[in-house]
Amino acid sequence: MISGERTREILKGLHDAVVSFDEDRAAQLSQSALNEGVDPYIAVVDGLADGMREVGDLYERKVYFVPELLLCGDALYAGLNILRPAIVASGREARVRGSLVIGVMEGDIHDIGKNLVKVMFEAAGWTIHDLGRDVKPERFVEELARTNSEIVALSTLMTTSMLGMPKVIGMIRDQTPRVRIMVGGAPLNRDVAVKYGADGYADNASGAVAEATRLVEALRQH
Amino acid sequence: MGLKPDRMSRDERMVALLKRQPLDRIPVFGFLLGFPAVNVGYAIADMYSDPQKAFDAMQWTTDQYGFQDIPWVSWSPRAEVEMPTGEYSQAPIVSRYPVTTEEEAWRLEMTVKREDGRATMKCAKLVEAAGGSFIDFPVATFTYAAGFCGVERLCRWAVRRPELAHRLLGLATRAGVQRVRHWVDTFGPERLLPFTAEPTASNQIISPKQFQEFVLPYIKELHEQMLSMGIKHILCHICGEQNLNLPYWAQVPMGDPGIVSFGHEVDIDVASRYFPDDIIMGNVEPAVIQTGRPEQVYELTRMCIEKGRKHPGGFMLAPGCELPPKSPPYNVWTMIKAVSDFGWYD
């Protein structure tokens, strides 16, 4: 039986490995967690994901920028790749916050923003269905139907590609009316999001998780 | 509803602006890339691949709106790209980067060939043949280096393998300088108005510290080299959110004067403090021109004019980045209407 002190040491180590974007350390400590009997779900939530929360805070305070976020994401995934199979194998139902379909609009290949949003959702315990970039409108609808997700997040950097958003939103409303739709990307703002018929908007990756959480909680109350 | 008649030709206005002489009204730069194609019924891809169509579309559109833009092909890519053909496509997209591994980055060598056969140069020769006073062409460093390997890889290497990032930046800068030399050899330096833009260097991507290390030395070298070749003015687009980088940008020589262009994220009053002697250009929010109501565009333009006209180095109104190709023409005209209503100097 692993001691409480050692558990806390491993969890803090996982947290710090993510914050200091130490991929090797994240992988090594994730393996130690498994070897020494730390609940892998706890290791994810109170170790890796907790680190990612601090990363989000550092990003909002303009201490970290995209390069650091990308590398923190690498460290997060290095740990998740080891811990997630163990969670599945244990048969334990991890508490999933929600299910999200995400993609970059048709005509646009700029996917850094989408990838950062994805990392933050992963860390927050969401199930992600990533359609990638230059995604045709019907793919969003198909994926929502296939996965029964509650939220769809549409991303774009280009002003021309953002013009496709009302069409995609309309298609989603027609096919899957219970889904809540978020938009994001440099040329967008909350006014445009409302104008386009979206339910939510965020101007950064951390804010996207908070916005989606708000939307999904409201959805579940109906 | 009409516009007051201009008292200077567009050419006279641009020359006077750069000589710091009196102007009839605030000049307007349309920041034209794909919009002229939509405006005249061509494909956006033509603006990147067909010099004659690009030239014609730019000429007609600048004539129509009174924009100061110089016809150009803004990007004639060497990498494997897909041209913008879809309903929601705006610009060419790189489909395969030449560098995907560290080994490839170490091996990469740049051989800059003369550009006579390329669309950018062919369009510039059409401008020259038409007697244009200025010839515009694009050049960059950090953003160009990101074109070798992709932005994410360059970001990761800037932290993990800084020596590799510096290598790519050195290559990009040397290639840029060689390209400029070819253009100077072809057209002479006096008429050249190089356009530098660094969207990838914005604080939406990198930190000011990373800017200081990975952008400043290279863009400074590029600008210094261009000016040492006899180029008088550089049009530098400081794209996106760059407020934290401004102290560094202020160390980059822009010409005498340079034209320094800002996105809507940078307040014109702030820009004015950092570049008191250069011409400030900007910064109507492009997304508002595309999706806003005419009265919003009119008001934003009026506010830009009120701030910009106080700038001692001169001011040219423009969208904060590319004029969205599918902007409603009425919104574009509304910008011009606001200049006609508020932009006269006497």
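**Legends to close-up views of the predicted model**

Over all chains of this predicted model, the salt-bridge rule gives a count of 33.

**View 1. Overall form of chain A.** Chain A is built from ten helices and five strands. With a radius of gyration of 18 Å, close to the 17 Å that the globule rule gives for 222 residues, chain A is as compact as a globular protein of that length. Along the principal axes, the C-alpha atoms of chain A occupy a box of roughly 55 × 35 × 25 Å.

**View 2. Packing of helices H1 and H4 in chain A.** Helix H1 of chain A spans residues 4–19, and helix H4 of chain A spans residues 66–90. The two axes come within 7 Å and cross at roughly 145°. On the H1(A) side the contact involves A:Ala17, A:Val18 and A:Val19, which meet A:Cys72, A:Ala75 and A:Leu76 of H4(A). Sorted by class, this contact contains six nonpolar residues and no polar or charged ones.

View 3. A:Asp16 and A:Lys12 are joined by a salt bridge in which the closest N and O atoms lie 2.6 Å apart. Both residues belong to helix H1 of chain A; because they are four residues apart in that helix, about one helical turn separates them.

**View 4. The interface of chain B and chain A.** At this interface, 29 residues of chain B are in contact with 31 residues of chain A. The size of an interface is often given as the accessible area lost when the parts come together. Between chain B and chain A the buried area is about 2700 Å², and carbon and sulfur atoms give 59% of that area.

**View 5. Polar and charged pairing between chain B and chain A.** The rule finds one salt bridge across this interface. In the salt bridge of B:Arg156 with A:Asp74, the side chains meet at 2.8 Å, N to O. Ten residue pairs in polar contact are also found across the interface of chain B and chain A.

**View 6. The side of chain B that touches chain A.** Four elements of chain B each supply at least two residues of this side: strand E2 (93–96), helix H8 (151–160), helix H10 (208–214) and helix H14 (286–291). The largest share, six residues, comes from H8(B). By class, the residues of chain B on this side comprise 14 nonpolar, nine polar and six charged.

Notes. Residues numbered from 1 in each chain as written. Chains lettered and ligands numbered in written order. Predicted model: local features only at pLDDT ≥ 70, side-chain atom pairs only at ≥ 80, totals over all residues. Heavy atoms only, no water. Contact = heavy atoms within 4.5 Å. Buried area = accessible area lost by both parts, 1.4 Å probe. Salt bridge = Lys/Arg side-chain N within 4 Å of Asp/Glu carboxyl O. Polar contact = N/O pair within 3.5 Å; in protein donor to acceptor, adjacent residues only side chain to side chain. Nonpolar A, V, L, I, M, F, W, Y, C, P; charged D, E, K, R; others polar. Axes fitted to C-alpha atoms, helices over the stretch in contact; angles between N-to-C directions. Rg over C-alpha atoms; globule rule 2.2 N^0.38 Å.
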